[in-house]
Amino acid sequence: PYSINRGLSIPQRFDDYGSQTKDREVASVDNSDIWYWLGRPPEEVYGKFFRGLMPRQVYLDKVHAFSRENNLLQDRNPYNAVHLRSFEGKCGHNDLDLCCPKLTHTQEILMERGGSIIDPLFVANDGQCAEDVLRSYANATDTVIMGYDRPCDGTECAVLDFELCVRSEVFVGNLKSSGDMNIREWRMARYGISGWKSVLSRQAEAFEVEKRSKFMTRYVVGHWRFRPDCDTIGPQRRDRQPCV
């Protein structure tokens, strides 16, 4: 469903390869060594990638039509978005309160991040959250739009929901979701929306990563744990844990 701009130039880092292997007969290479030797792309490469990863025009046309019909206009009538995701009832280890938050909890987060609860709220969801959670949105007196409700099929439905989340003022998701991670990075790459406005975790570790990096994707492993920075740890720690 996406088209990819492959015109990227990614510098590689092999500076330490020679010194680390000159006295050894290398029979195998661990993934952590590959991560370190190749190095990580600079921030701008992540930006180029996410700016170049765009939904196909047929999907963009559907998003534009839906936005006009529901008055979800990014420039003239801002709205917020939340992605409800229970992961088949197993949210995982990260921020359980952000998997299927009720409306009142989502509103607390929106106000915490400078959003307005008066603005419309777009709710992307796969229907797996508990009934009382879904009812808290469906029965709201404020303007709540329960996902893209026009005809769509499978992956197309997810792409349309995601694109509507990308354009929101404040987005509430979860760090365990790779889709939510992409939404955050798209928002930053395409519209310059700061990580503070894309809430995937409220843990101190997430805030620390945001302080030193624009794009969080490279730091995440297993959807809930952060890789350490190769530039700040020594070889012994790299033996135990992959770094980026």
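Are α3 and α8 roughly parallel or roughly perpendicular to each other? Keep in mind that this is a predicted model, then show helix α3 (residues 43-52) and helix α8 (residues 178-191). Their axes come within 8 Å and cross at roughly 100°. Angles of 65 to 115 degrees count as roughly perpendicular, so that is the word for α3 and α8.

**Stop 1: where the two helices touch**

Select G47, F50 and R51 on the α3 side; they meet N182, E185, W186, A189 and R190 in α8. Colour the contact by class and you get 3 nonpolar, 2 polar and 3 charged residues.

**Stop 2: the rings**

The structure holds 6 aromatic pairs. Zoom in on the one formed by F50 and F215: the ring centres are 6.5 Å apart and the planes sit at 5°, so this pair is stacked. Now trace the chain between the two partners. F50 belongs to α3, while F215 is in the loop between α9 (204-212) and β8 (220-221), 165 residues apart.

**Stop 3: a tilted pair**

Next, select F66 and Y148. Their rings are 5.0 Å apart, centre to centre, with 40° between the planes, which makes the pair tilted. F66 is part of helix α4 (residues 57-69), and Y148 sits in the loop between β5 (144-145) and α7 (155-166), so the pair ties together parts that are 82 residues apart in sequence. Buried or exposed? F66 counts as buried at 1% relative accessibility, and Y148 also counts as buried, at 12%.

**Stop 4: a charge over a ring**

Pick R113 and W196. The charged end of R113 sits over the W196 ring, 3.9 Å from the ring centre.

**Stop 5**

Which loop holds N71? Look between α4 and β3 (80-84). Most residues other than glycine have a negative phi, so check the torsion here: phi of N71 is near 60°, a positive value in a residue that isn't glycine. With the surface still on, you'll find N71 partly exposed, at a relative accessible area of 40%.

Terms used: Residues are numbered from 1 along each chain as its sequence is written. This is a predicted model: local features need pLDDT of at least 70, side-chain atom pairs count only at pLDDT 80 or more; totals for chains, interfaces and linings use all residues. Side-chain values use heavy atoms; hydrogens and water are left out. Rings of Phe, Tyr and Trp (its six-membered ring) pair if their centres lie within 6.5 Å; planes under 30 degrees apart count as stacked, over 60 as edge-to-face and the rest as tilted. Helices (H or I, at least four residues) and strands (E, at least two) are DSSP runs, numbered from the N terminus. Buried means under 20% relative accessible area, exposed over 50%, partly exposed in between (1.4 Å probe, protein chains only). A charge sits over a ring if NZ of Lys or CZ of Arg is within 6 Å of the ring centre and within 35 degrees of the ring normal. Axes are lines fitted to C-alpha atoms, for helices over the stretch in contact, and angles run from 0 to 180 degrees between N-to-C directions. Angles under 35 degrees count as roughly parallel, over 145 as roughly antiparallel, 65 to 115 as roughly perpendicular and the rest as oblique. Contact means heavy atoms within 4.5 Å. Ala, Val, Leu, Ile, Met, Phe, Trp, Tyr, Cys and Pro count as nonpolar, Asp, Glu, Lys and Arg as charged, and the others, Gly among them, as polar.
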